[in-house]
Amino acid sequence: MKKSGNKSDQAKYKDLKKVTQRELRRAYWKYVEGIVTPQTDGEQGNGANKRFWTFIKHKKSDGNFIPPLKSNGLLHSGSKEKANILNNQFQKAFSESIHYTTQDFKERCEMPGYYHDMPEIHITEKGVLKLLMNLKVSKSPGPDNISPRVLKELALDIAPILTLIFNQSYQTGEVPVIWRNANICPIYKKGKRFEAVNYRPVSLTCISCKLMEHIVTSNIMSHADRHKILYPLQHGFRRGLSCETQLVDFIDDITRNMDEGKQTDCLVMDFSKAFDKVSHSLLVHKLHHYGIKGKTNKWIESFLSDRGQQVVIEGEASDNVPVASGVPQGSVLGPSLFLFYINDMPVELTSKVRLFADDTIAYLTITSNSDCEKLQKDLDRLALWEDKLVAHEMSP
C-alpha cells in the first residue's frame, strides 16, 4: 500500500484498521466481563475467584521492571550492575556448604521410625509424551532457551529422545550441567524498591529438567502417601490440602476451646529464608531414612550438587555464582524436597503444630502455669532443631 501510493488502497487499509481495532476492543471487554461476572455454573466458585484476582494482580503489577538499586551508598541503574547487586544479595541467604557423614546425620537428627524402600522409577515414552502435551506454552524457558511451545509442538518427535535422556540420567545418577543452572527472576516483595534485600528470587530452569522433576516428584510423593511418611498436619504442596484447609481446621480448634471457656496460647513462626538454607547433605540423608534410596537418591543428590545461578534483568545477566544450599524456588521438585526436610520438626513437641511449608503455628490449651512452661520448652526445641539443621549463613 505504501509502495503503490494508491489512495484507494490507503482508504481500504484505514477502514480495515478501524474494524480490527473495534473487534479487538469488543473481544477484550467480553473477556473482562467473563472474568468479572462468569456466566456459566462451571465458572463459579474458587476457579472464578482465582481468575478475577489473577487479572487484578496483573493489572496492578509493574512487570519485571527493576528500578535503580543502592549498593555501598550509591544508586546503580545499569542492567548488569543491578543484576549483580541482586545476585550477591540472594547469595548471602545461602548456608555454608558442609558435607555431613552418616554419623553427623544421626547426631543432628533424631529420626524415629522405619520406612520401606521406594521402588525404582520407570520412565516410559507414553508418560513423557503426556507431560509434553500438557506443557503451558506461556511459561518462560530456562538457561537452554528452549521454549515450551517448541517442545509441545514437536512432542511426538521429541518424546522418544527425551525418554532416552531421562532414563540415562536416572540410571547413571548424573544430571546435565545446564539442568543445574538457573536464571533468576527477582520478584519485589515489600519495602523500598531500591534495596536489594526487598526482592526474592524465583528460579527459571530448563523445561526439559522440569519434566524430569515431575516424574521424580510424582514418585516420591506417592511413596510418601503410600507409607504415610509426611506429617499429617502439613498442608503445604500436597494434593487436596491448602492454606484454606489448614486455616479451617485451626479455627475449629480455637473456637472449640473458646466455646468451652479455655485459653489457647499460640506461637506463630516463619523460618527466615527457609528454602535457601536447606543443607543438601542433610536432605539427602533424610531422604535415605524415609526410604528414598538407590538411584532416586543419587539422582536427587546430583540435582542439588554444584548448582549455579545468574540474575537476568532487561536482557543482561549477572555473573554466575554457586548455590551452596537450599532447594530452588520455582522448580518442580524443590517444594516436595522441602517437605521431607522439615518433616521431623514437630516430632518432639508437646504443642499441636500446624504447617504450611515452613509457615508454622504451634498452640496449646493453657490450664496452668505448667502448660505455659511446656509451650516455652517447645519454642526452645524449635530453636534447637533449626540450629542443628541450618548451618551459619555465608559471609557477604
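**Burial, salt bridges and linings**

Visitor: Is K82 buried or exposed?
Guide: The relative accessible area of K82 is 3%. The classes, taken with a 1.4 Å probe and protein chains only, are buried under 20%, exposed over 50% and partly exposed in between. K82 is therefore buried.

Visitor: What kind of model is this?
Guide: Residues are numbered from 1 along each chain as its sequence is written, and side-chain values use heavy atoms, with hydrogens and water left out. Local features need pLDDT of at least 70, side-chain atom pairs count only at pLDDT 80 or more, and totals for chains, interfaces and linings use all residues, for this is a predicted model.

Visitor: Which residue forms a salt bridge with K82?
Guide: A salt bridge here is a side-chain nitrogen of Lys or Arg within 4 Å of a carboxyl oxygen of Asp or Glu. For K82 the closest N and O atoms of the pair are 3.2 Å apart. The partner is E314.

Visitor: How many residues apart are K82 and E314?
Guide: K82 sits in helix α3, while E314 is in the loop between β6 and β7 (316–317). Helices (H or I, at least four residues) and strands (E, at least two) are DSSP runs numbered from the N terminus. The pair links distant parts of the chain, 232 residues apart.

Visitor: Is E314 buried, partly exposed or exposed?
Guide: E314 has a relative accessible area of 48%. E314 is therefore partly exposed.

Visitor: Which residue meets K295 in a salt bridge, and how far apart are they in sequence?
Guide: The side chain of K295 pairs with that of E120, at 3.8 Å from N to O. K295 lies in helix α11 (residues 294–304) and E120 in the loop between α4 and α5 (125–133). Both are partly exposed, K295 at 28% relative accessibility and E120 at 42% relative accessible area. The partner is E120, and the pair ties together parts 175 residues apart.

Visitor: Which helix holds both D252 and R256?
Guide: The side chains of D252 and R256 meet in a salt bridge of 2.6 Å, N to O. D252 is partly exposed at 38% relative accessible area, and R256 is partly exposed at 39%. They are four residues apart, about one turn of their helix, which is α9.

Visitor: Which residues do salt bridges with shared partners join into one network?
Guide: D252 and R256 both lie in helix α9. Shared partners extend this into one network: D252, D253, R256, K352 and R354.

Visitor: How many salt bridges are there by this rule?
Guide: Side chains of opposite charge can pair when their charged atoms come close. Among the pairs here is K82 with E314. By this rule the count comes to 13.

Visitor: Where does F94 lie, and how far is its C-alpha atom from that of G326?
Guide: The loop between α3 (79–92) and α4 (102–108) holds F94. With 3% relative accessibility, F94 counts as buried. F94 and G326 are 232 residues apart along the chain, yet their C-alpha atoms are separated by 6.9 Å.

Visitor: Which element gives the largest share of the lining of the largest cavity?
Guide: On a 1 Å grid over the protein atoms alone, a cavity is a set of points where a 1.4 Å probe fits but cannot get out, a pocket is an open set with protein on both sides within 12 Å along at least five of seven lines, and lining residues have an atom within 4 Å of a point. Fifteen residues line the largest cavity, with S203, Q309, V323, P328 and Q329 nearest its centre. Two or more lining residues come from each of β3 (181–188), β4 (199–204) and β6 (307–313). The largest share, three residues, comes from β6.

Visitor: How many charged residues line the second largest pocket?
Guide: The lining has 20 residues, of which R200, D270, F275, Q329 and D358 lie nearest the centre of the pocket. Nine are nonpolar and four polar. The charged residues number seven.

Visitor: What share of the protein chain is buried?
Guide: The chain has 13 helices and 10 strands. Its C-alpha trace spans about 90 × 55 × 55 Å along the principal axes. Of the 396 residues, the buried share is 42%.

How values were computed:
Ala, Val, Leu, Ile, Met, Phe, Trp, Tyr, Cys and Pro count as nonpolar, Asp, Glu, Lys and Arg as charged, and the others, Gly among them, as polar.
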